[in-house]
Amino acid sequence: MGTHAAAQPTSVTAGAQTLPTRTGLLIIGASQSGVQLAVSLRALGFDEHITLLGDEDHRPYQRPALSKEFLQGTVESESLIFRSNEYWAEHNVELVKGEYIVRIDKEADGSGVAHASSGREFPFKRLALTVGARARKLDIDGGDLDGVLYLRNADDALALKARVGNATDVVVIGGGFIGLEAASSLHKMGRNVTVLEFGPRLVGRAVGEETAEYFLQAHRARGLDIRLNTSAARFTANDAAGENQNSVAAVELQDGTVLPAQIVLIGIGVIPNTQLAEQLGLAVDNGVVVDRFALASDGTTVAVGDVANMPNPVPGSEPGERIRLESVNNAIEHAKVAAYSLTGRREEYAGIPWFWSNQADLKLQIAGLCNGYDRTVLRRDEERGKFSVLYYRQGRIIAADCVNAPLDFMAVKNALAKGRNIPADAAEDTATPLKTITTDS
Amino acid sequence: MPTVHFTDAQGAVRDVQGNAGDSVMETAVRNGVPGIVAECGGSLSCATCHVFVREDCVSQLPPMEDMEDEMLYGTAVDREDNSRLSCQLRLTDDIELFVTTPETQV
Ligand SMILES: Cc1cc2nc3c(=O)[nH]c(=O)nc-3n(C[C@H](O)[C@H](O)[C@H](O)COP(=O)(O)OP(=O)(O)OC[C@H]3O[C@@H](n4cnc5c(N)ncnc54)[C@H](O)[C@@H]3O)c2cc1C
Ligand code: FES
């Protein structure tokens, strides 16, 4: 690896003012996409200084386990750390923890200075925004009581874990992936769990009707109390004056029902962190608007991962169709494309998005994006607890939701990646492995 | 201390010391061993932590479960008899493992 610019910028005099020499790349957001960007850049031979900066006090870690293994205590926090300190030192990546960037001054050439709330300044030659998303808040009465929690980062998970011991009843608001994962984990830990979903079905539009219905039945059968078309009106604390006055004790529903709850976990989606991009005057529309090379509207800043609104990466998708994805796979693949951009290579972001979600003993794996399907094929093996839905548009497979069916998932993912098809009629027979009926066109 | 010897598809070897209880995948990722992607972080969902285990080491490992077996049919480089998903291989005290990483994981 080549030489790296010094960590602390030196100063030069410009007129009467002293300006820092702007060096290197500043990555704001030290999580899945920020880490991948730094790692990919070094793998590509990028030899400028890299600062990987985040507001959290932890070393960068993986989030998916927070609602699953970590919450249940089957995995330790150390296993969630992406890279050892030695790795960062060896690769000359300066890791800055606990600094929250509030404002950025930027020049037309892409260089500038980022200002942290602590007053520290971080000059840069190039900027990457990998700031992700934050939990959407539910603004109703009692929302600020102790025990009303969200789950986005390690501190949230630690706060939740700390309260589980004293709780018998949990109400989870939101029947999306995070809500259902956490609900399953908490139920497994012996708590009474009720899930309130505002909409008519689980997991919103991320999966099709059949998969949503499958999860509804499966979770109910496993002991979750799931209430659809239901919303909370307010959270209330204990009436009696005393120690727990500020702690949540119950959830009151719109219809007047009162559910006891010592923990309320809210998982109603996320909002991309576009504040800095807006302040910089970048185009923003449900995320930072980027092109196929992960470049924002100024042509120099890259924005990657949950925060980016990008052209649909699926080959052959409608021209102009844009999407914001919230997944590990996207954070990784998008970061690789951004790394190419920053090293002057133009590699378009193209790929088949995939996602997983573990809920109790249900392993959901999704390949592709199911929007715009006109036909589904159900593969259901009751006996072995396997369930898949294949989605088709104009006779071509576009996606699949697979539950405890890795063979189906892998077959579809591979077929999509290679532009091959799995004819719908032949796929109906569950005894036929999908791999054997995949066709070239 | 457990040791894993990673040989890449070109034959370059990297010896990494691990901790008992950690998986082979975790040991690789934390040290930035190229050749292991591990997108799903060990939750048996991605098949991008595929390794070939040297024949004489196979017997030291726990047998594979159905889910791992099925996932192995989807690896980027086709599975062999000695294929395993490295996130399912836990290191024990003083184990010495020799594994080869495939040409590509995706
Ligand atoms: C509980 C949970 C479970 C999940 N499970 C799965 C799963 O099973 N499968 C899957 O594919 N995906 C899962 N995801 C989604 C996946 O973790 C995200 O898609 C991924 O983390 C996105 O990475 P990112 O780096 O783009 O954003 P983030 O992970 O959101 O990281 C952004 C970082 O930037 C920091 N930051 C923001 N603003 C500033 C600022 N101004 N200054 C400094 N730092 C800042 C944030 O604190 C954060 O650390 C899960 C997410 C959560 C929360
Ligand atoms: S890390 Fe994903 S299957 Fe092993």
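This is a predicted model: local features need pLDDT of at least 70, side-chain atom pairs count only at pLDDT 80 or more; totals for chains, interfaces and linings use all residues.

1. Residues are numbered from 1 along each chain as its sequence is written, chains are lettered from A and ligands numbered from 1 in the order in which they are written, and side-chain values use heavy atoms, with hydrogens and water left out.

2. Ligand 1 is surrounded by 34 residues, of which S31(A), S33(A), D55(A), E56(A) and K68(A) are the closest; a residue counts here if one of its heavy atoms lies within 4 Å of the ligand. This shell divides into 14 nonpolar, 11 polar and 9 charged residues, where Ala, Val, Leu, Ile, Met, Phe, Trp, Tyr, Cys and Pro count as nonpolar, Asp, Glu, Lys and Arg as charged, and the others, Gly among them, as polar. Helix 1 (32–43), helix 6 (177–188) and strand 24 (354–359) of chain A each supply at least two residues of the shell; helices (H or I, at least four residues) and strands (E, at least two) are DSSP runs numbered from the N terminus.

3. An N or O atom in the side chain of S31(A) is 2.6 Å from a ligand oxygen, a polar side-chain atom of E56(A) lies 2.5 Å from one, and for D306(A) the distance is 2.7 Å. The protein covers 96% of the 990 Å² of accessible area that ligand 1 has on its own, by the Shrake-Rupley method with a 1.4 Å probe.

4. The largest nonpolar core has 52 residues, among which L390(A), V412(A) and I422(A) touch the most other members; such a core joins buried Ala, Val, Leu, Ile, Met, Phe, Trp, Tyr and Cys residues through side-chain atoms within 4.5 Å. Helix 10 (residues 406–417) of chain A gives the largest share, 6 residues. A second, separate core of 46 residues includes I81(A), V195(A), L364(A) and Y391(A).

5. S185(A) is found in helix 6 of chain A and counts as buried because its relative accessibility is 2%, the limit being under 20% (1.4 Å probe, protein chains only). Leaving out residues up to four places away in sequence, S185(A) touches S67(A), K68(A), L71(A) and Q72(A), contact meaning heavy atoms within 4.5 Å.

6. V148(A) lies in strand 11 (residues 148–150) of chain A and, at 9% relative accessibility, is also buried. The C-alpha atoms of V148(A) and R379(A) are separated by 40 Å.

Key: Buried means under 20% relative accessible area, exposed over 50%, partly exposed in between (1.4 Å probe, protein chains only). A polar contact is a pair of N or O atoms within 3.5 Å; within protein, one must be able to donate a hydrogen and the other to accept it, and residues adjacent in sequence count only if both atoms are side-chain atoms.
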